[in-house]
Amino acid sequence: MVGLSAGEKHFIQGGIAQDLRADGRKRLTYRPIYVETGVIPQADGSAKVKMGATEVIASVKLDLARPNPSQPGKGKVSLFVSCSATAGPMFEGRGSEELSTELSVALQRCLLGGKSGAGAAFDPSCLSIVDGKLCWDAYIDGLVVSADGNLLDALGAAIKAALTNTRVPVANVPAGASLDEDPDVDLSSQETTRIDTSGVPVIVTLTKVGRHYIVDATSEEESQMSSAVSVSINKERRICGLTKRGGAGLDPSIILDMISVASHVSEQLMNKLDSEIAAAEADEQDI
Amino acid sequence: MEYVNPEGIREDGRRPLEMRHLHAEIGTVARADGSAVFEMGNTKVIAAVYGPREVQNRSQQLNDQALVRCEYTMPNFSTGDRMRKPKGDRRSTEISLVIRQTMEACILTHLMPRSQIDIFVQVLSADGGTRSACINAATLALADAGIPMRDLVTSCSAGYLNSTPLLDLSYFEDSAGGPDVTVGILPKLDKVTLLQMDARLPIDIFENVVQLATEGCKAVANYIHEVLLENTKQLEYRRGL
């Protein structure tokens, strides 16, 4: 990324203080969001989300597997994010590892819930085929194609859209088949079921620049941040995950204030996303 | 196994000499100097070009020409079965090398000494012919970046199954184990810049198959030409000319 001059930094910070950012937005306004589903034909579910110049792709792939013995009625879900070198030469070779790990862990925390499975974004029991013997393993992969700030929010939105787009094949296991070896699972029926994604949270990242917080920062604005708090909130306005980034310390009252601002913003974002995803799904079916 | 049925139709409904549907978009990655998305059927590839810019590793700097670097990656989800290692495996390294050598031959590197041009190619969806799609996407991205080139480079693959030469193999046909010939040409100069083949072919049939792939390359060149022309018209329009 090209460095910023002192004048440009002053301009960005001053603009934010006056509620007029460099691209004309207010502090709590998102960039236009575009959602497209079904972009990866080989995946069971996929989506592409664009927020300004930030572009991310999420895909969901399902594989047959044995469920975890401690959770026999649920499928396993794993989530990984990687940054493509197309987003910038700093992501070439192993350069993207640090950022990819940071994003993966933050998303896992927000979407996958705890070790007991509590608090997950969607109920993994919809992935179970035969209790204790056979289930679907869901692999959620995120790919950052173009990076211009606010990657976490975009990835959260893309994963939500990809999960909504996922069609779980209906597997018919012949009655009386021995399930201790590999059973003959009949996947020939074209029926599919969908995953209930009404409980999937959205992630809102608030970036603190000077004394104010902004939502959906571009990478230039992010370079001026003192700290950032990402809050994941679901439809019931409950917090599903929280991550703080950045070196500067924050007064606890400021964190509480940021959470309440995020909660307020999340409602608009949730509605916008839901309508965009529904429109994208309808478009895809028309094609 | 039957790859071409008795009526002469392939598994995906095409005729033997028919290419898959082509689609390209320019300028998709805003932060890159040049970028393009290229689709051949279900194979979808995105290329981004960063450069010419200052060389990052001084020891690699060339005093009389530009340094061209290329990285090819396939994410886990792009193929039918989820892959373990997205970067650094041998096939990716080999294809990165192939793309770099092909593009280096056509870029006028002597015009940009002591600089570096990075080409990053990311496969989004793989269904056969990824090598060719990558080269086509890289050509478009380089053109979008305004990097001077001798000519466009276009690429296409062809094979030979059930005694029929087939143009533009899909993954299903490629995995049949028959010959797979990939050709890259400079269409205006009418020169071959890339030729790769695996399995074996009798020499007279080999000539036919290479000829077929070359025709495919020319068809891709026509399409790329149209896309670039349309893009230039859009740019002119936006400037108010």
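A residue counts as buried when its relative accessible area is under 20%, as exposed when that area is over 50%, and as partly exposed in between, with a 1.4 Å probe and protein chains only. The exercises below concern a predicted model, in which local features need pLDDT of at least 70 and side-chain atom pairs count only at pLDDT 80 or more, while totals for chains, interfaces and linings use all residues. Residues are numbered from 1 along each chain as its sequence is written, chains are lettered from A and ligands numbered from 1 in the order in which they are written, and side-chain values use heavy atoms, with hydrogens and water left out.

**Exercise 1. Decide whether Ser132(B) is buried or exposed, and find what it touches.**

Step 1: Ser132(B) belongs to helix 2 of chain B, where helices (H or I, at least four residues) and strands (E, at least two) are DSSP runs numbered from the N terminus.

Step 2: The relative accessibility of Ser132(B) is 1%, so this residue counts as buried.

Step 3: Once neighbours within four places in sequence are left aside, Ser132(B) is in contact with Met40(B), Ser155(B), Cys156(B), Ser157(B) and Thr182(B), contact meaning heavy atoms within 4.5 Å.

**Exercise 2. Work out the order of the strands in the open sheet of 5 strands in chain B, and which helices lie against these strands.**

Step 1: The order in this open sheet of chain B is 1-2-3-5-4, and the pairing is mixed; two strands pair if DSSP finds at least two bridges between them.

Step 2: At the edges stand strand 1 (22-26) and strand 4 (67-73) of chain B, each of which pairs on one side only.

Step 3: On average, neighbouring strands of this sheet are turned by 15° against each other, direction ignored.

Step 4: Strand 1 of chain B is joined to strand 2 (residues 34-40) of chain B by 5 bridges in the antiparallel sense, and Ile26(B) stands opposite Ala36(B) of strand 2 of chain B.

Step 5: Helix 1 (residues 90-106) of chain B lies across strand 4 and strand 5 (115-125) of chain B, and runs at about 145° to strand 4 of chain B; for such angles, axes are lines fitted to C-alpha atoms, for helices over the stretch in contact, and the values run from 0 to 180 degrees between N-to-C directions.

Step 6: Helix 2 (residues 130-145) of chain B packs on the sheet and touches strand 1, strand 2, strand 3 (43-54), strand 4 and strand 5 of chain B, its direction making about 150° with that of strand 2 of chain B.

**Exercise 3. Explain why strand 6 (residues 154-161) of chain B counts as largely enclosed, and name its pairing partners.**

Step 1: Of the 8 residues of strand 6 of chain B, 7 are buried, so the strand is largely enclosed by the rest of the structure.

Step 2: Strand 6 of chain B runs antiparallel to strand 8 (residues 180-186) of chain B, with 6 bridges between them, and Cys156(B) has Val183(B) as its bridge partner in strand 8 of chain B.

Step 3: The pairing of strand 6 of chain B with strand 7 (residues 164-167) of chain B is also antiparallel and has 4 bridges; here Ala158(B) has Leu167(B) as its bridge partner.

Step 4: The hairpin of strand 6 and strand 7 of chain B has 2 residues between the strands, and in it Asn162(B) takes a positive phi near 50°.
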